[in-house]
Amino acid sequence: MGLTDFAKAILFILLLLPFYLASEESISINQEISRLERISQGQNTQERYQAYMSLARLHSLRGNSEAALVSYGNALLVSPNDGQALFEQGRILISMGEYEQASFSFNALLAGNRDAELLIQGRYYAAMLDAFRSGNLRPLIALADDIAFREYHSQIIYTLWKLSDDRVWANRLTRDFPNSPEAKIINFTAVLAATPQWIFFPGRNSLSFASPQSPAAIDNANLVFLQIGLFAREANAEAAAERLRHAGFEPIIMRRNVYNAEQWAAGINTQSINVNNALRQLRDAGFDAFPVR
């Protein structure tokens, strides 16, 4: 029995509805960006600041890290030394692999009179950044014993274990935070997914939970990519790869989709069992790196 004209019309509308909604969503986001850009050119300082901060978040959600970075920079021009803008600017720079510039943002953040929670977040990021840039673990070790940073303790302790290769940290993690994602990695009930993340290593959102595997199965899995930078422009990734080549490494450039934006990661491949040694070799050669499975 064939469809009536009315049923055909309803079916046609239902088929087109997802495309219509997607179009409306895209238009509404563009309209909001245009609205915020108009406000950012106004005379009211507070409204301009809020407009730039909102613009940065929108650009970030759309995967346009460079536009978000420009917006945070404009927010700081309107409100110099603003703690929240410095914090978000540092996060964006980390996601782009610009660790040295990120350190300037966090140092400026920590130098000011800030809200207590913002200072805690800033100190956590700054300590992690220092550990990966220079191998200085002392700031992280201090935070691992500070009750104010308890929310971050499992991530801090895990990072200390990976960077120092000291089993004491692994034992402490499984004892004090047995249900944390990091403890599940140590116990081989979770593995890292092959996606770059906002935070350094390991990145809570990069976990893929699986059935328990033996240590040998984990060690003999796929190669581990040690990323030294994530760039919005392929030319920047090629320049980073050339620096790796001059330092005696065999560089690899990988195209990645980060928050629906195409970016390029530069780094090297190594076997799982050699990750710590390779990280030390990269660090000794002046490169900041973290593993991405």
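This is a predicted model: local features need pLDDT of at least 70, side-chain atom pairs count only at pLDDT 80 or more; totals for chains, interfaces and linings use all residues.
Modeller: Contact means heavy atoms within 4.5 Å. Leaving aside neighbours within four places in sequence, Ile252 is in contact with Phe225, Ala265, Ala266, Gly267 and Asn269.

Colleague: OK. Which strand does Ile252 lie in?

Modeller: Ile252 lies in strand E4, residues 252-258. Strands (E, at least two residues) and helices (H or I, at least four) are DSSP runs, numbered from the N terminus.

Colleague: How many residues apart in sequence are Ile252 and Ala237?

Modeller: Ile252 and Ala237 are 15 residues apart in sequence. In space they are 9.4 Å apart, C-alpha to C-alpha.

Colleague: New topic. Where is His59?

Modeller: His59 sits in helix H2, residues 45-61. His59 is buried, at 13% relative accessible area.

Colleague: What is His59 in contact with, leaving aside its neighbours within four places in sequence?

Modeller: Five residues make that list: Ile33, Asn64, Ala67, Ala68 and Ser71.

Colleague: Now charges. How many salt bridges are there in the whole structure?

Modeller: The search finds seven. A salt bridge is a side-chain nitrogen of Lys or Arg within 4 Å of a carboxyl oxygen of Asp or Glu.

Colleague: Why can such side chains pair?

Modeller: Opposite charges can pair when the charged atoms come close.

Colleague: Start with Glu32. Which side chain does Glu32 meet in a salt bridge?

Modeller: Arg35, at 2.8 Å, N to O. Both lie in helix H1 (residues 5-40), three residues apart, about one turn of the helix. Glu32 is partly exposed at 27%, and Arg35 is partly exposed at 35%.

Colleague: And Glu88, which side chain does it meet?

Modeller: Glu88 meets Arg91 in a salt bridge of 3.5 Å, N to O. They are separated by about one helical turn, because they are three residues apart in helix H4, residues 83-95.

Colleague: Is Glu88 buried or exposed?

Modeller: Glu88 is buried, with a relative accessible area of 19%.

Colleague: What about Arg245 and Glu242, how do their side chains meet?

Modeller: In a salt bridge of 2.6 Å, N to O. Arg245 is partly exposed at 44%, and Glu242 counts as partly exposed at 31%. Both lie in helix H12 (residues 234-246), three residues apart, about one turn.

Colleague: Which residues do shared partners join into one network?

Modeller: Asp145, Arg172, Arg175 and Asp176 are joined by salt bridges that share partners.

Colleague: Last one. Which residues in H8 meet H9?

Modeller: On the H8 side, Ser154, Ile157, Tyr158, Leu160, Trp161 and Ser164. On the H9 side, they meet Arg167, Trp169, Ala170, Arg172 and Leu173. By class, that contact has seven nonpolar, two polar and two charged residues. Nonpolar covers Ala, Val, Leu, Ile, Met, Phe, Trp, Tyr, Cys and Pro; charged covers Asp, Glu, Lys and Arg; the others, Gly among them, are polar.

Key. Residues are numbered from 1 along each chain as its sequence is written. Side-chain values use heavy atoms; hydrogens and water are left out. Buried means under 20% relative accessible area, exposed over 50%, partly exposed in between (1.4 Å probe, protein chains only).
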